Amino acid sequence: MHAIIEIGYLIATLSFLGGLKFMSSPKRAKTGNLIAALGMVLAVILTFFAGTTETVPYTNLIIMVLAITVGILLGKRLSDKVQMTGMPQLVSLFNATGGGCAMLLGLMEANQIKTEITHFGNQVLLIAGLTTGAIALTGSIIAERKLAGRVKDKRGRAVIFSARILLALLLLLPTLYFLGFIPLGFMAFMYILAIIAMVYGVLFVLPIGGADMPVVISLLNSITGIATAFAGFVYGNKAMISGGIFVGAAGILLTLLMCRAMNRSLLKVLAGTFKNNKTGQIEEDQQIKEISIPEAALTLSFVQKVAIVPGYGLAVAQAQHICAQLQQLLEKRNVSIDYIIHPVAGRMPGHMNVLLAEANVDYDCLKEMEESNENMEQYDAVLVLGANDVVNPAAESNPNSPIYGMPIIRTHKAKQVIVVKRSMNKGYAGVQNELFGMDNCSILFGDAKTSLQDMVNQLKLL
Amino acid sequence: MDFINHHLQEIYFVLFCVFIGIEVIANVPAILHTPLMSGANAISGVILVGAILLMLRVPQDDYLNLTLGGIAVFLGTLNISGGFFVTGRMLKMFKPKK
C-alpha cells in the first residue's frame, strides 16, 4: 500500500508540472488545468489511506467529508458567480484560504507536539510554515478589500514603522526562543507568533498603493506556496513540497516581471513610495489637437491597420465588450485590428487578456508589447483607451523623467494616434505625457465607454 | 547538522523543484499570466494533504483540534476547488479564430 501511495504522489507531482507546462499555449492550457486538477484529486484521495495503520475514528472522517463537500460546492459557486473584472479579488481570496490552512496546520501541530522528542529542525519548519501562512492569510484579505475599493491606502509613518518592528520580531523571537530566553511552552509561543504574523500581514499590505496590488497578490501567492512547501517538509510529503515550490517560483517570477514592467524595484513597491519627481520637472505647455467622435470614427474606418492599446481605464469602465463591437464593425470594412497589451495593463498580470477574451476577442489579435514595438510604423492609426504612462515617450527619451527606463508601447511611431481621455489629468506616475503634444496625436475627450459607444453608433450609420 | 543529514533527499528535491519550476513558468506567455496565477494558486491548495494527514491522527475526543482541522480541511478544499474552477472558466474564454 505504501508503494502505491508514493507512486500516486509522484504522479500528482508530475501532473502539477505538466499542468503548468501546458499553460504555455492558449490551446493546451485547458488540458493543463484539467491534468493538474486530476493530479490534485488523486493526491487527496490517496492521503486518506496514507495515515496511521489503525482505523480512523468515524467522527474525524465525517468532519472531513463534510468540510470537503462544503468546500467544493462553495468554490464552484464563487467561481461561477465572479465577474471577470473581479477576478483578482477572487484569486486573492482563495490565496487567503490556502494561507489560513497552512496557519491552522501549524497551530494543530503545536497543540499536539511533544517538544522533547521533536526535532529542532521540525520546530523551525513549523514556525516558518505558521508565520508565512498567517501573513498570506491576512495580507490576502486586505489585498482583496483594497481591490474591491473598501480599504484605502494608509501610508502613515506609524503603520510602516510598526510593520517593520513586527517583521523584526518575527525573525527575532524564534531565535530567542531556541536560545532558551523565552520561558514559554512551544504551544503558547506558536499562538503568539500566529497573532504577530497576522497583524504583520495587515500592516504589510496597508501602505501599498492600490495600483501596485497586482504585485502584492502575486507575492502573497508565492508566500502561500512557500508555506505549503514548509509544511510538506514537516510531513516529508513530496507532492506538497513540489506543489508549494512550483507556486512559490511562479509567484516570485511574476512579481519580478511586473516590477520590471513598471520600472520600480520590489522594495520600493513594498514601501509604498514612488520616485519623487517634484524637482527638475519642467512643465511645458502642450499644443494639443482635439478630435471629434465622427472624425475619429471616419479616420479608423478608412485605414488598413489599426491597433488598440487598452489600459486600466478600459477595465474600470467595463468597456471591453463595446471595444469588441467596434472591432467587428471595423473588420467588416476590411480594417484589420490588433490589440497591443502592456504587461501591467489591468489589475493583475495578463488580466486585460482575460477581459478581452471574455468579450470574444481572438487571442491571435492580442499582441505583446515587444513584438508590436518593432513594427509600429505599419499601423495607420492607434487608438489609446484608458492608458497613459505606458505610452509616454519620455520613458525612452527623457532621462530626467521619473518613468525613464520603463518599457513602453511606442505608439508615437505610428502614423496617427487617437487618445481617448477623460481630461488632461496626469497618469498614475504623475508626469506629463509628451505624446499628447506630438503632431501625429489627437485627443478625444470623454469617458472610454461612452466614446466607444458613440463611435460604434457612428460607424453603424456610415 | 543531524537534521540536514536526515533530510538530504528532500533538500535535493527542493532545489530541483525550484529550477524546474522557474524553467517551466518562464515559458508561459504574458497573455496567460492571469490563468497561470490562479492555477498556481489552486496547486498551492495541496496543503490540504497535510490537513488530512493531521486529521487522521487527531484523537476522537480532542475537540479543539477537530475543530481547527475541520476548518483547515474546508479552507484547503475551497482553495483547490475554487482555484481550478475559476481557471477553467477563464481558459474556456480563450478562443482561436473561427
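## Buried and exposed

A residue counts as buried if 20 or more other C-beta atoms lie within 10 Å of its own. A residue is exposed if that count is 12 or fewer, and partly exposed in between. Keep these cut-offs in mind. The model described here is predicted.

## Chain A overall

Chain A has 462 residues, and 50% of them count as buried. The chain contains 17 helices and six strands. Its C-alpha trace spans about 80 × 50 × 35 Å along the principal axes.

## Helix H5 of chain A

H5(A) runs over residues 120–147. It has 28 residues, which should span 40 Å at 1.5 Å a residue. The end C-alpha atoms are 40 Å apart, so the span agrees with that expectation. Of the 28 residues, 22 are buried, so H5(A) is largely enclosed by the rest of the structure. Just after this helix comes A:Gly149, with a positive phi of about 80°.

H5(A) packs against helix H8(A), residues 213–235. The angle between them is about 155°, and their axes are 8 Å apart. Angles over 145 degrees count as roughly antiparallel, so H5(A) is roughly antiparallel to H8(A). The contact of the two helices has 18 nonpolar, seven polar and one charged residues. H5(A) passes H8(A) in a left-handed crossing.

H9(A) covers residues 238–261. Its 24 residues reach 34 Å from first C-alpha to last, close to the 34 Å expected at 1.5 Å a residue. The helix is mostly covered, with 20 of its 24 residues buried. Just after H9(A), A:Asn263 takes a positive phi of about 60°.

A:Gly248 sits in H9(A). Is A:Gly248 buried or exposed? It has 27 other C-beta atoms within 10 Å, so it is buried. Leaving aside neighbours within four places in sequence, A:Gly248 is in contact with A:Ser222, A:Gly225, A:Ile226 and A:Ala229. A:Phe302 is another matter. It is 54 residues from A:Gly248 in sequence, and the two C-alpha atoms are 49 Å apart in space.

## Where chain A meets chain B

The contact takes 99 residues from chain A and 77 residues from chain B. Which helix gives the largest share of the chain A side? Helix H4(A), residues 87–112, does, with 16 residues. By class, the side of chain A that touches chain B has 55 nonpolar, 35 polar and nine charged residues.

## Two helices of chain A against H5 of chain B

H5(B) covers residues 63–92 of chain B. Helix H3(A), residues 58–81, packs against H5(B) at an angle of about 30°. Their axes are 7 Å apart. An angle under 35 degrees counts as roughly parallel, so H3(A) is roughly parallel to H5(B). The crossing is right-handed for H3(A) and H5(B). Their contact has 14 nonpolar, nine polar and two charged residues.

H4(A) also meets H5(B). The axes of H4(A) and H5(B) come within 8 Å and cross at roughly 155°. H4(A) and H5(B) are therefore roughly antiparallel to each other. Their crossing is left-handed. The residues of this contact divide into 14 nonpolar, 11 polar and no charged.

## Two asparagines with positive phi

A:Asn334 lies in the loop between helix H13 (320–332) and strand E2 (336–341) of chain A. Its phi is near 60°, a positive value in a residue other than glycine. With 8 other C-beta atoms within 10 Å, A:Asn334 is exposed.

A:Asn360 lies in the loop between helix H14 (351–358) and strand E3 (366–368) of chain A. Phi of A:Asn360 is near 65°, again a positive value in a residue other than glycine. How exposed is A:Asn360? It has 15 other C-beta atoms within 10 Å, so it is partly exposed.

Key: Residues are numbered from 1 along each chain as its sequence is written. Chains are lettered from A and ligands numbered from 1 in the order in which they are written. This is a predicted model: local features need pLDDT of at least 70, side-chain atom pairs count only at pLDDT 80 or more; totals for chains, interfaces and linings use all residues. Helices (H or I, at least four residues) and strands (E, at least two) are DSSP runs, numbered from the N terminus. The expected span of a helix is 1.5 Å times one less than its number of residues. Axes are lines fitted to C-alpha atoms, for helices over the stretch in contact, and angles run from 0 to 180 degrees between N-to-C directions. Angles under 35 degrees count as roughly parallel, over 145 as roughly antiparallel, 65 to 115 as roughly perpendicular and the rest as oblique. A crossing is left-handed if the near helix is turned anticlockwise from the far one by less than a right angle, and right-handed if clockwise. Ala, Val, Leu, Ile, Met, Phe, Trp, Tyr, Cys and Pro count as nonpolar, Asp, Glu, Lys and Arg as charged, and the others, Gly among them, as polar. Two residues are in contact if their C-beta atoms, placed from the backbone, lie within 7 Å.
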